[in-house]
Amino acid sequence: MIIECPSCHAKYQYDAERFERKPSKKIKCARCQQIFEIFNPAFAAPAPAAAESGESTFAKRHDATQTAQKIPTTPDTTEQSPIPQPKGDGALALPTGKRLSLAILDGPDAGTVYRIEKPRVTIGRANADLTLNDTEASRQHAVVEVRDTTYKLSDLGSTNGTLFDGAKIEEAVELADKSEFQVGATTLMLIVTDEH
């Protein structure tokens with residue numbers, strides 16, 4: 001470390017080991033004989049750091065307090081937002097704490113898993129959320145609609161129909177976790193897991 005005499009401003013190289021683990025030491029300037037105190041950087045550094053961490057802890061606490069004050073208003077608006085937009089038998093909304101996916105079990109796209117990230121997912125050969133490389137599927141073939149923990153499958157007037165439990169569906173059917181259905185030559189399964 002470099003030390004400087006406060007009187008004559010002479011600079012010296014000083015080995016920090018010579019502090020012998022003490023916070024400060026008095027030394028005599030070789031040029032002007034002035035005695036002055038120097039401080040061990042090993043002791044000086046933690047003090048400002050502690051003050052900074054104290055401030056940041058206060059700042060964090062302050063932020064946490066502000067966040068805590070905001071929390072009650074945020075869920076209210078989230079809970080109320082689906083209410084103005086009801087469709088059919090309830091508002092379309094993804095369930096909280098659940099992850100929904102459509103796994104393609106059989107067909108040209110077998111092995112693909114599509115994550116459902118919105119409450120209405122269209123399935124078909126073209127212009128659909130989940131596009132299939134299946135010539136037997138209609139362009140807009142079927143739709144899965146999510147209303148919290150209710151999952152419904154509807155056919156969109158497809159040419160070959162949508163099969164559920166081996167039969168063509170005429171109206172919306174309710175799906176559960178691991179429910180399988182067929183769009184064209186493609187077999188899909190709804191998978192519901194807990195969000196981690």
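Gln33 takes a positive phi near 65° in the hairpin of β3 and β4, which has six residues between the strands. Strands here are DSSP runs (E, at least two residues), numbered from the N terminus. The model is predicted, so to speak of local features takes pLDDT of at least 70, side-chain atom pairs count only at pLDDT 80 or more, and totals for chains, interfaces and linings use all residues. Residues are numbered from 1 along each chain as its sequence is written, and side-chain values use heavy atoms, leaving out hydrogens and water.

Now for the cysteines. With a disulfide taken as a pair of cysteine sulfur atoms within 2.5 Å, the count comes to zero. Cys5 is in no disulfide, its nearest cysteine sulfur being that of Cys32, 3.7 Å away. Cys5 is buried, at 0% relative accessible area, whereas Cys32 is partly exposed, at 33%. The cut-offs are under 20% for buried, over 50% for exposed and in between for partly exposed (1.4 Å probe, protein chains only).

Elsewhere, six strands make up an open antiparallel sheet, running β8-β7-β17-β16-β13-β14. Its edge strands are β8 (113-116) and β14 (167-168), each pairing on one side only. Within this sheet, β7 (residues 98-106) and β17 (residues 186-194) pair in the antiparallel sense over eight bridges, and Lys98 has Asp194 in β17 as its bridge partner.

How values were computed. Pairing = 2+ DSSP bridges. Helix = DSSP H or I, 4+ residues; strand = E, 2+ residues; numbered from the N terminus.
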